[in-house]
Amino acid sequence: KRIAVRVPATTANLGPGFDALGMSLKLYNRIELEEIEKEQLLVEVEGEGAALLPRDDSNLAVRAIASLFRRIGYRPAGLRLRLYNEIPLASGLGSSAAAIAGGLVAANALAGNPLSRQEILDQAVALEGHPDNVAAALLGGVVIVVQDGTFYSCTRLQVPRNVKITAVVPDFRLSTKAAREVLPEFVPLKDAVYNLGRAALLVAALREGNWDLLGVAMQDRLHQPYRCRLVPGLNDIFAIARKEGAYGAALSGAGPTVIAFSPPECEVGEAIRGAFLARGIEARVLNLEPELE
Ligand code: HSE
């Protein structure tokens with residue numbers, strides 16, 4: 001039996017929605033999982049991260065698969081796993097969420113789908129440590145996810161398509177762990193209020209396609225001000241994006257990728273790339289669309 005799963009890239013936070021908002025994007029990793037008779041683990045990787053990703057049981061997709069099999073008591077003789085990756089590694093576009101979500105969904109399918117989507121979501125969050133990327137990867141579209149006791153409640157928004165999404169991926173990797181270590185444990189009440197209003201406004205704006213609101217609605221005081229020292233020029237880049245005509249821009253997830261929402265004709269990606277280059281950092285521009293099926 002062979003299972004093939006396609007998982008989208010994701011951009012988490014969208015500015016003010018730290019650990020609560022995520023959007024899936026039309027950029028995919030594919031996972032093929034096959035049970036084999038020989039007691040062996042075979043891992044092949046192509047595409048993004050092929051030179052870096054481990055081929056043994058420390059591989060994140062393999063760990064996700066093993067955790068699901070442990071939970072349901074499924075013991076395959078051997079496994080062959082093929083990963084075809086389009087999502088840049090450790091760049092803020094959800095590569096680890098895709099490995100986890102893809103691994104769990106593929107393993108569940110191989111075992112005859114014993115776990116529900118909610119159970120997979122909860123297990124994915126337990127592996128990833130925060131819910132916004134895995135929820136968007138599993139559900140697609142734009143998601144709002146909140147922790148409720150030990151469970152995660154998640155809802156999905158319909159978003160109009162007439163907006164251009166540009167991701168600019170600088171040529172250095174930033175681990176989510178490192179980008180979370182710079183965050184404070186407590187934030188001032190006024191900063192919480194600042195984000196609260198904007199996150200609510202952003203949800204309304206996305207739903208209505210009221211893009212002009214994004215300039216304000218994508219502002220954030222909970223994580224980006226602390227992370228800007230990990231991403232050279234970040235504040236200038238936000239200003240440049242706005243000057244070039246983007247509706248709004250934010251650090252994608254924990255970074256270092258910057259994501260911008262703009263009118264279709266706007267070439268904001270090149271301007272952001274130029275700002276990175278001016279600081280001696282090469283960057284790639286990806287023109288993306290939301291994944292809304
Ligand atoms: N919400 C998470 C963070 C996303 O900002 O740390 C990580 O990609």
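The report below takes the ligand shell, then the annotated segment, then the backbone.

This is a predicted model, in which local features need pLDDT of at least 70, side-chain atom pairs count only at pLDDT 80 or more, and totals for chains, interfaces and linings use all residues. Residues are numbered from 1 along each chain as its sequence is written.

**Ligand shell**

The ligand is surrounded by 14 residues, the closest being Ala 12, Asp 19, Thr 176, Gly 253 and Ala 254; a residue is near a molecule if its C-beta atom, placed from the backbone, lies within 6 Å of it. By type, the shell holds four nonpolar, seven polar and three charged residues. Here Ala, Val, Leu, Ile, Met, Phe, Trp, Tyr, Cys and Pro count as nonpolar, Asp, Glu, Lys and Arg as charged, and the others, Gly among them, as polar. Helices H4 (132-139) and H5 (176-181) each contribute at least two shell residues, and H5 gives the largest share, three residues. Helices (H or I, at least four residues) and strands (E, at least two) are DSSP runs, numbered from the N terminus.

**Annotated segment**

An unreviewed UniProt entry carries the annotation "binding site" on residues including Pro 88, Ala 90, Ser 91 and Ser 95. UniProt positions are given in the numbering used here, feature names are shortened, and annotations may be inferred rather than shown by experiment.

Ser 91 sits in the loop between strand S4 (78-85) and helix H2 (95-110), and Ala 90 is in the loop between S4 and H2. Ser 95 belongs to helix H2. Leaving out residues up to four places away in sequence, Ser 91 touches Val 169, Arg 173, Pro 256 and Thr 257. Contact requires that the C-beta atoms of two residues, placed from the backbone, lie within 7 Å.

The table gives burial: a residue is buried if 20 or more other C-beta atoms lie within 10 Å of its own, exposed if 12 or fewer, and partly exposed in between, with C-beta atoms placed from the backbone.

| Residue | C-beta neighbours inside 10 Å | Class |
|---|---|---|
| Ser 91 | 25 neighbours | buried |
| Ser 95 | 26 neighbours | buried |
| Ala 90 | 20 neighbours | buried |
| Asp 19 | 19 neighbours | partly exposed |

**Backbone**

Pro 256, a contact of Ser 91, lies in the loop between strands S8 (248-251) and S9 (258-262). The peptide bond from Gly 255 to Pro 256 is cis, with omega near 10 degrees.

Asp 19 is in the loop between strands S1 (2-12) and S2 (21-36). Its phi is positive, near 60 degrees, although Asp 19 is not glycine. Ala 90, likewise a residue other than glycine, has a positive phi near 45 degrees.
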